[in-house]
Amino acid sequence: MGSNYVKNPLLAKVLNWVATMLTNDSADVRVAACICIKCVSRSIKSLSAGLFMNEMIVIPLIELLHDSSVSVQVAALGAISNIVVDFTMQKLAFISCGGLQQLVHLSKSMDSSLRLNAVWALRNLAFLADIRCKEETLLELTSSTLVSLINDPEPFVQEQALAFTRNLVDGNINSIELVHNEDCALLNAAGQQLWSASRTEVQIQISDIDMT
């Protein structure tokens, strides 16, 4: 992980310094470091260079998902959401570091902001992922939890859960088969939201899902 990290030595030096701030004693500093990483990781060039899939950044970010401050956890989720859009090997590296398990854990949080941002990160993890990554993600999350998230009391969580489902089925027949279980619970949940959703954005996500 991070084999391309030295290709941009100046940015790498800056990120190394920011990474040290992820473990700062001040929650405000930890939040600021996460926001910095989130902003810089918006660059496709930086993502494609593998600058963020470095142990000095990924592991502290994952550890911040256990932070005692909800603000820090939310900020860390925001940074992770950008980073996991990266390519297949980086997604698998993130999973191998325990990141997936913690995202799934936070997707079940009673705090709606944590649920929302955790599902958002899962959505991006599934974006253009290969079948192995998708299988591991759904296995950890479980179909029953995904159904619960689609039916979440918060419409914004519903929207991200459906966007995750859309990314999950995007691809070949193997991807589509991931959401076809015996009782068609995911299909039924999506169908119910199509008629009952309070936000147009939720209905748009449903219409974009091709499960056929």
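Figure 1. Buried residues make up 52% of the 212 residues in the chain; buried here means under 20% relative accessible area, exposed means over 50%, and partly exposed is in between (1.4 Å probe, protein chains only). This is a predicted model, where local features need pLDDT of at least 70 and side-chain atom pairs count only at pLDDT 80 or more, while totals for chains, interfaces and linings use all residues. Residues are numbered from 1 along each chain as its sequence is written, and side-chain values use heavy atoms, with hydrogens and water left out. The chain has 14 helices and zero strands, so the pattern along the sequence reads α-α-α-α-α-α-α-α-α-α-α-α-α-α. Helices (H or I, at least four residues) and strands (E, at least two) are DSSP runs, numbered from the N terminus. Of the contacts with a separation of 6 or more, 69% join residues 24 or more positions apart, a contact being heavy atoms within 4.5 Å.

Figure 2. The average pLDDT of the chain is 81, and 73% of the residues score at least 70. That score is the predictor's confidence in each residue, from 0 to 100. Over residues 1-6 pLDDT stays under 50, and the model has 17 contacts beyond four places in sequence for this stretch.

**Figure 3. Inside the largest nonpolar core.** Which residues have the most contacts inside this core? They are Ile-37, Leu-61 and Phe-94, in a core of 52 residues. Helix H8 gives the most to this core, with eight residues. A nonpolar core is a set of buried Ala, Val, Leu, Ile, Met, Phe, Trp, Tyr and Cys residues joined through side-chain atoms within 4.5 Å. Zoom in on Leu-61 and, leaving aside neighbours within four places in sequence, you'll find contacts with Leu-22, Cys-34, Ile-37, Ala-76, Ala-79, Ile-80 and Ile-83.

Figure 4. Pro-60 sits in helix H4 (residues 55-64) and counts as buried because its relative accessibility is 11%. Beyond four places in sequence, Pro-60 touches Leu-22 and Glu-55. Pro-60 and Leu-22 are 38 residues apart along the chain, yet their C-alpha atoms are separated by 6.4 Å. Leu-15 belongs to helix H1 (residues 9-21) and, at 1% relative accessibility, is buried too. From Leu-15 to Met-56 it's 41 residues in sequence and 8.9 Å in space, C-alpha to C-alpha.

Figure 5. Ser-81 is part of helix H5 (residues 70-83), and its 7% relative accessibility makes it buried. Skip the neighbours within four places in sequence, and Ser-81 is in contact with Asn-117, Trp-120, Ala-121 and Asn-124. Ser-109 lies in the loop between helix H7 (99-106) and helix H8 (112-126). Is Ser-109 buried or exposed? Ser-109 counts as buried, because its relative accessibility is 17%. Apart from residues up to four places away in sequence, Ser-109 touches Leu-114 and Arg-115.

Figure 6. In the model, residues 98-126 are 79% helix and 0% strand, and the end C-alpha atoms are 16 Å apart.

**Figure 7. Two loop residues with positive phi.** Most residues other than glycine have a negative phi. Leu-128, not a glycine, has a positive phi of about 55 degrees. Leu-128 is in the loop between H8 and helix H9 (131-141), and is exposed, with 60% relative accessible area. Thr-142 has a positive phi too, near 75 degrees. Thr-142 is in the loop between H9 and helix H10 (143-150) and is partly exposed, at 30% relative accessible area.

**Figure 8. Two cysteines, and no disulfides anywhere.** A search of the whole structure finds zero disulfides, meaning pairs of cysteine sulfur atoms within 2.5 Å. Cys-97 is partly exposed, with a relative accessible area of 28%, whereas Cys-133 is buried, at 1%.
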